[in-house]
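Welcome, and please open the structure in your viewer.

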Amino acid sequence: MTHDLDDIWNRLQAALRQAVPDSTYEIWITPLQPVGFDGEVLALEAPAGIRSLVAQRFGRLLDTTAAALLGPEVTVEVQSSTPARGKQPAGRGRGTDAGADRDRRRAERTDGTRAVVPHQSQPDPLNPKLTFEQFVIGDANRFAHAAALSVAELPGQAYNPLFLYGPPGVGKTHLLHAIGNYVRRYGSGLTVRCTTVERFTNEFLGALHGGHIDRFKATYRRNDVLLIDDVQFLEQKAKTEEEFFHTFNALYDTGSQLVLTSDRLPRDLDALHDRLRERFEAGLVADITTPDPATRMGVLRKRAHHDGLTLPDEGALEVIAQRITTNVRALEGALIRVVAFASLEREPITADLATRVLDTLYPQARKTVRIDMEQIQDLVCDAFSITREELLGSDRSARVSWPRQLAMYLAREHTDATLPAIGRSFGGKNHTTVMYACRKTAERLATDPDALATVDDLTRRLRADRQD
């Protein structure tokens, strides 16, 4: 072994150590030994038991790293350990399979379809902030999260393809990017490409018009993990759908992992060809629904912590979580609006401030039927045969606490009063007590038909009194 070969291998090892986790390096890279370099091919020797795994899992990483250090024409061959007398200089006397592999890898790089550093050839669409650690798990997304994590840990083996669907803004794109970021970090050199159908379509049309369709195909079909967002937009794009179908097949047949997101189930993508819908359904289909109250609060807490917000209490977050129920994106947008308003007005981020801001941001959520607080209190007292003093007092017995919670709930639903204002109207209670009452009432209404009937009756009477 020459000094030059020693130096080359030391440089390559240093770069590889930076590219993979320490445990991966020790298991798979440390056993490798350089046996020759002819200026074009660097030959590495691996124990026979791991040679095929090293070539399969790290072949592209070895090629890319060697090309970056030694020149774009350089490739790496991994061969089994053989007796010393059987060793031959790299690139000489190899079997036809080794030569074909070398030519294929060199063609991949020299035809422009694979850059020396793939992730720097164009802006990386993977958002590094969208990780599994930053994802808030709840009942609405628990299954999808578990499936995504399994795919990230075992690409091409766990569920392939993985199809995530749900309404906009519930976390599909977050999980898609989390998979990509996880594989980039722990995937032992596996290549990842993340894109949207819109970008795929634009690049495909550009390749058609520019005459480099083969380069486009190689760009998408030579990846270990392909992440595609918003596949519903393939509908009504016949040529793009045809190309995507063949791309899907090429990746699936070679064991590459595919993850797709959509706002609908595969069977509901009516404008897509049956053969593509069937492939989407061939793996695991996981849904994400609108976030429940606990998840909404978790999202807001994590965002507040991430942004370093100083909050006197969680009243503002509770107001946002109660008012914004559709999706995570709207939740974060509402929080940003509240924080911006607080900064401009130099006010603390309180429940009252959040209510005022959201009344402006979401005017459709304001109450259209104006009902007096006292009217609600009188009606509830009459319905449950309790006095106003009991309703506004501190008695926590079931006979009084349920009517009080119900009255606060009705006040929140049918007046423009803020949470603190409602609390003051109920004997000086704080806004967290009102929020708790509204939450407990909503939970009870979801499971207790008698309670729901009572609320419906009281609501009708309130509106009838108002019209009179």
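**A strand and its neighbours**

Start by selecting β4 and β8: these strands run parallel, joined by four bridges. Keep in mind as you look around that this is a predicted model. Now click on Phe163 and look across to β8, where its bridge partner is Val285.

Show the side chains of β4 next. Which way do they point? Leu162 and Leu164 point one way, Phe163 and Tyr165 the other, and all of them are buried. In a regular strand, side chains alternate between the two faces of the sheet.

**On to a helix**

Select α10, residues 274–281, and show Leu276, Arg277 and Phe280, which are buried. They cover an arc of only 100 degrees around the axis, so they lie on the same side of α10. What do the buried residues of α10 pack against? Show β4, α9 (238–253), β7 and β8 to see their partners.

Finally, turn to the second largest pocket, with about 760 Å³ of space. Of its 33 lining residues, select Leu130, Gly171, His174, Val328 and Glu332, the closest to the pocket centre. Then colour α6 (172–186), α11 (293–306) and α13 (328–345), the elements that each give two or more residues to the lining. The largest share, five residues, comes from α11. Colouring the lining by class gives eleven nonpolar, twelve polar and ten charged residues.

Notes:
Residues numbered from 1 in each chain as written. Predicted model: local features only at pLDDT ≥ 70, side-chain atom pairs only at ≥ 80, totals over all residues. Heavy atoms only, no water. 1 Å grid on protein atoms, 1.4 Å probe; cavity = no way out; pocket = protein on both sides within 12 Å on 5 of 7 lines; lining within 4 Å. Points joined across faces, edges and corners; volume = space filled by probe spheres on them. Nonpolar A, V, L, I, M, F, W, Y, C, P; charged D, E, K, R; others polar. Buried < 20%, exposed > 50% of the residue type's maximum accessible area, 1.4 Å probe, protein only. Arc of directions from axis to C-beta. Contact = heavy atoms within 4.5 Å. Pairing = 2+ DSSP bridges.
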